[in-house]
Amino acid sequence: KVIRWDPLAGVNETLYTFQRTYDQITITNDGGFVLSSGGHQTFRYVALQSKQSWDFKAHFCPYTSFTASNNGTVIGYLNLCGFNSYTQISGFSVENGSLLWSRQHTAAQSSLPAVSPSGAVVWCVGSFMEAVDAVTGSVLWQVPIENGTECFSDNIVVSGTNWVGAVFATADNSQFQVRTFVLEDGSRGAVSPWLRLPNCQRFLQSQDCHPLRMALSRDSRIIVAVFSRGLVSFHPL
């Protein structure tokens, strides 16, 4: 079952009942949700307003996360698949689940994609930032990052239709930096100072050394969770 709970009224409402078991639910920003099972190999999209639903089965590697644009596209993210460890984002039609487009890169590190209100899918892949159209998959812009620096973002933050933010680290993962990019054309925005990543040099193989997670506050500050350092706040304006 999918149950909606109102914490203020303290009441439950059963939205849907399915014949099979799903092990994860992802709320999408178009008023629907994605249910996945079998290690994310099979998933079902359900639109709350129209009651539309469809199923999709990944042919090879499972998708690890989903989001949705405001123009009828569900975005699937697939990380480190196959012998060459490629990363992929795909666009699926909300109406019937058909595959609209896919983009694939071979990179050791990539971020979860984010969808802007204008319909741009933005992600950080290896040594560049990229934005693609959510409906067609065509590249809107791609910004290379200088040598010795690579993507170290678990996710991307989007500030309306103005800018996007991501985390980058030095090649040995000893320092990190927050950077923003203008959403319209990918031009460089504000940049934070370099900060030390404790216990995260690549060759130390620390269990704490993993991409950094960000959140956006109400006053547009980027909050970064940095292992044992706690939270770091960066104001991009």
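The protein chain exposes about 12,000 Å², and carbon and sulfur atoms supply 50% of that area. The model is predicted. Its secondary structure comes to 23 strands and 0 helices. Of the 237 residues in the protein chain, 48% count as buried. Among contacts with a separation of 6 or more, 38% are between residues 24 or more positions apart.

**Nonpolar core**

- The largest nonpolar core has 16 residues.
- The residues with the most contacts inside this core are Val122, Met129, Trp141, Ile156, Val164, Phe168 and Phe181.
- Leaving aside residues up to four places away in sequence, Val122 touches Leu112, Pro113, Ala114, Met129, Glu130, Ala131, Trp141, Ile156, Val164 and Leu183.
- Among these partners of Val122, Met129, Trp141, Ile156 and Val164 are also listed with the most contacts inside the core.

**Disulfide**

- A search of the whole structure finds 1 disulfide.
- This disulfide joins Cys124 to Cys151, with an S to S distance of 2.3 Å.
- The pair links distant parts of the chain, 27 residues apart: Cys124 is in strand β12, and Cys151 is in strand β15 (residues 149-151).
- A disulfide is a covalent bond between the sulfur atoms of two cysteines.
- Cys124 counts as buried because its relative accessibility is 0%, under the 20% cut-off.
- Cys151 is buried too, with a relative accessible area of 0%.

- Thr73 is found in strand β8, which covers residues 73-81.
- The relative accessible area of Thr73 is 1%, so this residue is buried.
- A polar atom of the Thr73 side chain lies 3.4 Å from the backbone oxygen of Ala134.
- Not counting residues up to four places away in sequence, Thr73 touches Thr67, Ala68, Gly91, Phe92, Val94, Leu100, Trp101, Ala134 and Val135.

- Strand β1 (residues 2-6) pairs with strand β2 (residues 11-16) in the antiparallel sense, over 5 bridges.
- Asp6 stands opposite Val11 in β2.
- The two strands, β1 and β2, form a hairpin with 4 residues between them.
- Gly10, in the turn of this hairpin, has a positive phi of about 70 degrees.

- Asn173 is a residue other than glycine with a positive phi, near 60 degrees.
- Asn173 lies in the loop between β17 and β18 (175-182).
- With a relative accessibility of 7%, Asn173 counts as buried.
- Ser220, also a residue other than glycine, has a positive phi near 65 degrees.
- The loop that holds Ser220 runs between β21 (213-216) and β22 (222-226).
- Ser220 counts as buried because its relative accessibility is 19%, and the cut-off is under 20%.

Definitions and conventions:
Residues numbered from 1 in each chain as written. Predicted model: local features only at pLDDT ≥ 70, side-chain atom pairs only at ≥ 80, totals over all residues. Heavy atoms only, no water. Buried < 20%, exposed > 50% of the residue type's maximum accessible area, 1.4 Å probe, protein only. Contact = heavy atoms within 4.5 Å. Areas by Shrake-Rupley, 256 points an atom, 1.4 Å probe, with all protein chains shown as cover. Core = buried A, V, L, I, M, F, W, Y, C linked by side-chain atoms within 4.5 Å. Polar contact = N/O pair within 3.5 Å; in protein donor to acceptor, adjacent residues only side chain to side chain. Disulfide = S-S within 2.5 Å. Pairing = 2+ DSSP bridges.
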